[in-house]
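The following paragraphs guide a reader through one protein model. Please keep the sequence and the structure in view while reading.

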Amino acid sequence: MKKYRSQITVLLFTVFFFLTASLLSEVAAQGSITIHGTVTDASGEPLIGVNVVEKGTTNGQITDIDGKYTLSISGKNSILSFSYIGYMTQEMAVGNNTTMNVQLRDDSHNLEEVVVIGYGTQAKKDLTGSVGVVSQAKLENQASPGIGQNLQGKIAGVQIMQDNGTPYGGTSIRIRGNGSFGATSAPLIVVDGMITNDGLNNLNPNDVENITILKDAASAAIYGSRGANGVVIVTTKKGSFESPMKIDVSAYASVDNVRYKIPTLTAKDYAILVNDYYAAANLPVPFSDAEVGSFGKGTNWVDEITQSGNKQSYSVNITGGTKANAYAATANLYTGEGIIKNTTFKRGNIKLSNDMLILPTLKVGVNLNVNYGASHNTDWGQAIDRALIYPPTVPAYDENGDYGVSSHHGEPITMLQPLIAVDLWTYDQTWRKFIGIAYAEWEIVKGLTLKTSFNAENYIWDQDHFIPSYSYGPKGLISDHPVAQLYVDYNNRINYEWDNILTFSKRFNVDHNLTAMAGYTFQEYNRNSLWGYRTDFLNNDKSMQVLSAGASNIDNDEVKESWAILSYLGRVNYDYQNKYLLSASIRVDETSRIAKNNRTGVFPGASAGWVISQEEFMKDISLFSYLKLRASWGVLGNQDIGIYPYQTTLNSSDLNYVFGEGTDGTTLTGVGPTALGNSSLLWEKTSTVGVGLDSYFLDDHLTFMADFYKRNTTDILVRVPLLSTAGINTDRYPYQNAGAVTNTGIELSLGYSNARDNMPLTYDVSVNWTYNTNKVTKIPAPIVNNFDRVEVGHSINEWYGYVQDGIFQTKEEIANSATQPNAAPGDIKFKDLDENGVIDTNDRQFLGHSTAPHSFGGNIAMAYKKFDLVAAFYGQLGAYRNMDKVGFAITRGGEQTSEWMYKQRWTGPGTSNYIPRVVAGDPNDNYRRSDFWLRSTDFFRLQNLQIGYNFDKLLMGQSANVIKKLRFYIAAQNLFCINSYPGWDPEQNVNGGFPIPRSFYAGINVGF
C-alpha cells in the first residue's frame, strides 16, 4: 500500500484542485463574457493549436482542427492574446465583441524558427555562422518554372543567374563568388538530407518547405571536402502528426514572349552595308544600285524562328496525420512550349512521404520522389546564331514553297537557312529520376537520438539528335544535306548514401544548453555513358531514327566512372544564458578521387555569437529588440577536381603501328597516354574568416544584417606545361596544386515590416547588396586565353587586350599616331601604352571584370484586406561581356546584321569615333581583342510581380466548410530589365543562347 500512497495523494490533490478551480470559475462566470471565433493565416487557412489567452491570466484555450475557439473571459475590458510558433503574436481588446476572428501574419523574423543546418537543426536565434534562410512563405506567392528563379535576389552573397530561356531552363548558383579556376565553383545541393548530383533543375517548386544556404566555412564545414562553394539545403513538405487532412490544388498558365529582340537590318540597309564592306577593299560589290533600291524591309529572321510560347503547371498536395502516422503526397505536371518554334517540354513529379511512430521512442519513415521529363528541341543554338547573320535579302520561302536560299549576285550563300535548323533538325531528350530515402530514428534515452538513413538516387538521361537528309539550293553547300545523321547519347547515374547520426541535446541548470552530434556517412557514385553515331539512313521517317538503321560512318564510345567518399563528422553547439553562443564542427573525409597517400582530409570549423541585447546594460535601451555579434572560421575542401586526376589514362584509338615491310607488314594496335596523372595531388582547400551582425530595431519592425568575410582558396589545380615531344595535348597536361585565390566580400541586408501592428495594410520590404571581388595570389605562370587571362594580382578570367583610343578620321591623324600597319581612315585607333611609337602586344592591359563584383536584390510583399502583392527584383554592377559574336561582327561581311552597329559605324570623317568602318580583309586588324568588344552587363530586373485576390471569405454555407482557401492571381516574370547591353540579355551570351522570355501568368490556389 505504501507503494501507491504517494500516487493516491497526488491524485486526490489534483481532483481537489480542479474542483476548486471549477467553483471559482462559476463564481467568476456570473460577470463573464463568452468569445468565439476563428484564427487563420495570411492566406485564410485555419491554424490549429493557436494559444488564445486572456492577457494577465492563465485563462486560455487552443484552436481546434478548423481554427475555431470558444473562451469565457472576465469582461469586456479584457484583452485577448493570440500566439503561435512561426507567427506574430496579436493582442486585441474585447470591448462589446462576442465574435473575434483573427488573421495571424507570418513572422519572418521569428527567432524561435527552427533552421536546417546539415545533419541537424538549430533555432534561428542560436545561429553563429552566416546562414541564409528562405521560407515557404517567401516562395509560394511567386509563379515560376524552377526553384532557382524563385531564389534570385533574395539572399545577400548568393548570385543566381538564369542559364537560358527554355521552358525547363536551369540556373547557375554562386555563393560568395568564384573561388577556383581549376575546379567547379558550383555549391553542394542537399535535398532532404541527400547529397544530389542533379542540382535544383528537376525539383517541383511546390514541394519546397524551406531552403537554407550555408555561406561561410564554419556552417558548411560539416560537409567537409564538398562545402568549399557553399551548401544549398532544400527541405520538402511533409505531413504532421495529429493533423487533419489538407488538400491544396494549384494551377497556372502563362504566355511567353521574347522580352528583347536584337534589332537587325532591313534588306536595303543590309545590301548597303555589304556593298560598303567590299567597296572599302576595292572589290566588286554584290548588289547593284537597282537591287539596293528595290529592297524593302526584307526578312526578319528572328521573327521567323520565334513565336509566343506558353507554360502550364498543375499541382496537388495532400498532407495530414494521425497520432502514429504522418503523410504527404504531391503530384505536379508541368508542360511548356518555347519561344523558339518546335521547342516543347513536359515534366511530371510524384512525391510520397510517410512517417510512422512504431513506438513512443522509435520513428521510421520513407520519402520517395519520382521525376520524368521529355523535351523536343530544334537545334536552337544554330537557329539563334543564323537568325542574326542570315541575309534579310533572302525570302523565308521561294515561289515553290521551299526554303529560300538565294545568292549574292550569283555567289551562293554558304550559311544554313535558320528555318531549316528550326523545322528539320531535332534534339529529343528524356530523363527519369528517382530519389528514395528511408530512415529510422530512435530516442535511446531522453535527449539522446540515433538516426540512420539510406538514400539512393538514380538518374537516366538520353538524347537523340537527328539531322535529316534534304537539299535546298546549290549542291555541296550547307543547305544541301543529302545524307542523314544520327547522334545518340545515353547516361545512367546511380548515387547512394548511408548516414548514421547520433545527437545528444540537454539543458543543464537552466543556463547551459548543449547539443552534440557525431556521425558516419558513406557515399558512392557510378556513371555509365554510351555514345553512338551513324549516317546514311533509308529515309527521314521517325521509325528509322535508330542507330541500327544507319549504314555508314559507324562510330561509338562508352565511358564508365565511379567514386566513393567515407566521412566521420561531429559538431557541438553550446549556449550560456541564451547570450553566449559557440559552435564547433569537424569532418574527416576519405575520397577515392585522391591517391591513397593523400586522400584523408580534415576540415574543422568554429563560430561564436554574443547576444548583446541580452546583457543587463542593454535592458534600458529600447532601440534594439535583438542584437547579436557573430564571428566564424573554418576550412573546407573541393573534391570536384575530376574523377581520378592523379592517374595516367591510356588510349588505343587510332594508335596503330606496322611491323614488317611492304604488303607483308602487320598492323598492330598500340596504346598510348592521353593524360598524365600526378599522385601527389590534393583537393583544393578554402579557409574563411568572417564577422557578422544581426540586429532588430523598433520592436522587430526594422532588421539589419551585415557580414564581412575573407576567403582564401589554396592548392588550386593548374595544368603543368610539357614539351611537345611528350605527345600529350595541352588540355591533357598533368595537374599540380599550384594556384591560390582570395575572395573578399561584404553582405548587407535591410528589411522593414509592419505586420506586427495588425493594420489593414501590411507590408514587408527587404533589400540586400553584396560586394565580392577575387584576386589571384599564386599561379606558376599566367593562363592566357583568347580574350581573358588569369594572373597574379587580378581577378579570375579578367578581360585582357588593347585599348581603343577612338577612330582614325584622316590620313594626317594616322601619320601623327603610333604605327598601325595598314590603318586607314575609319579604322580603330589603339593606345600606345608603352609609348614606343608602335602598336604591338606590349600595348595590352587588363580591361575589366568578367564576373560582376556588385550584386543586389529585393522583395516587396503587401496585403490589404483580400488583396496581396509580391514584387521581386535583382541586378548586378561592374562586369563586361565580349560582344564579338554573330550579328555584331565588323570584319566578316554578311555576318554583321546588327542595326545597333550599322547606325553607329564610321562612314566618313566625323561620323563616328566609336564604331569602325566595315572592310573586307580587316587590314588594320580591328578584330583584335580590345575593349571595343566589351559591353557593360549592369542591369536591374523586375523578376516577378504578382497580384492576388482571396475569395475564401466570400464562400457561404456548405462551400465554406469544404473550401478553406480560394485565391486567384495574375503575375508577370521578367517584366522589364534596365540595361545598356545590346545582346539578348545581360545574363547570357549573344549567340547560342535561348532568349530569356517575358512571361505573363494567371493562376489559382484552392485549399480543401
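**Enclosed spaces, sheets and a covered helix**

Strand β41 contributes five residues to the lining of the largest cavity, the most of any element. The model described here is a predicted one. Rolling a probe the size of a water molecule over the atoms shows where empty space is left. In this model the count comes to 15 cavities of 30 Å³ or more.

The largest cavity holds about 200 Å³ of space. Its lining is made up of 20 residues, and those that lie nearest the centre are Gly177, Asn772, Thr851, Ala852 and Pro853. Strands β11 (158-162) and β41 (761-778) each supply at least two residues of this lining. What is the make-up of the lining of the largest cavity by residue class? The residues divide into 13 polar, five nonpolar and two charged.

The second largest cavity has a volume of about 160 Å³. It is lined by 20 residues, with Gln162, Lys311, Gln973, Pro997 and Ser999 nearest its centre. Two or more residues of this lining come from each of β52 (939-950), β53 (965-979) and β54 (997-1007). By class, nine residues of the lining of the second largest cavity are polar, six are nonpolar and five are charged.

Attention may now pass to a single residue. Lys433 belongs to strand β24, which covers residues 426-445. Is Lys433 buried or exposed? Lys433 counts as buried because its relative accessible area is 6%, and the term applies to values under 20%. Which residues does Lys433 touch, leaving aside those up to four places away in sequence? The contacts are with Thr196, Asp198, Gly199, Asn369, Val370, Asn371, Glu457, Asn458 and Tyr459. With one of these, Glu457, the side chain of Lys433 makes a polar contact of 3.5 Å. Tyr69 stands 364 residues from Lys433 along the chain, and the C-alpha atoms of the two are separated by 45 Å.

The buried residues of α8 are Trp380, Gly381, Ala383, Ile384, Asp385, Arg386 and Ala387. Which elements cover them? The covering elements include α7 (301-305), β21 (362-377) and α9 (418-424).

Strand β1 (residues 33-40) runs parallel to β7, and two bridges join them. Within this pairing, Val39 stands opposite Val102 in β7.

The other sheet contains four strands in the order β42-β43-β44-β47, and here the pairing is antiparallel. Its edge strands are β42 (783-784) and β47 (845-848), each of which pairs on one side only. Strands β43 (residues 788-790) and β44 (residues 798-801) pair in the antiparallel sense over two bridges. Arg789 has Glu798 in β44 as its bridge partner.

Key. Residues are numbered from 1 along each chain as its sequence is written. This is a predicted model: local features need pLDDT of at least 70, side-chain atom pairs count only at pLDDT 80 or more; totals for chains, interfaces and linings use all residues. Side-chain values use heavy atoms; hydrogens and water are left out. Buried means under 20% relative accessible area, exposed over 50%, partly exposed in between (1.4 Å probe, protein chains only). Contact means heavy atoms within 4.5 Å. A polar contact is a pair of N or O atoms within 3.5 Å; within protein, one must be able to donate a hydrogen and the other to accept it, and residues adjacent in sequence count only if both atoms are side-chain atoms. On a 1 Å grid over the protein atoms alone, a cavity is a set of points where a 1.4 Å probe fits but cannot get out, and a pocket is an open set with protein on both sides within 12 Å along at least five of seven lines; lining residues have an atom within 4 Å of a point. Grid points are joined across faces, edges and corners, and a volume is the space filled by probe spheres set on the points. Ala, Val, Leu, Ile, Met, Phe, Trp, Tyr, Cys and Pro count as nonpolar, Asp, Glu, Lys and Arg as charged, and the others, Gly among them, as polar. Two strands pair if DSSP finds at least two bridges between them.
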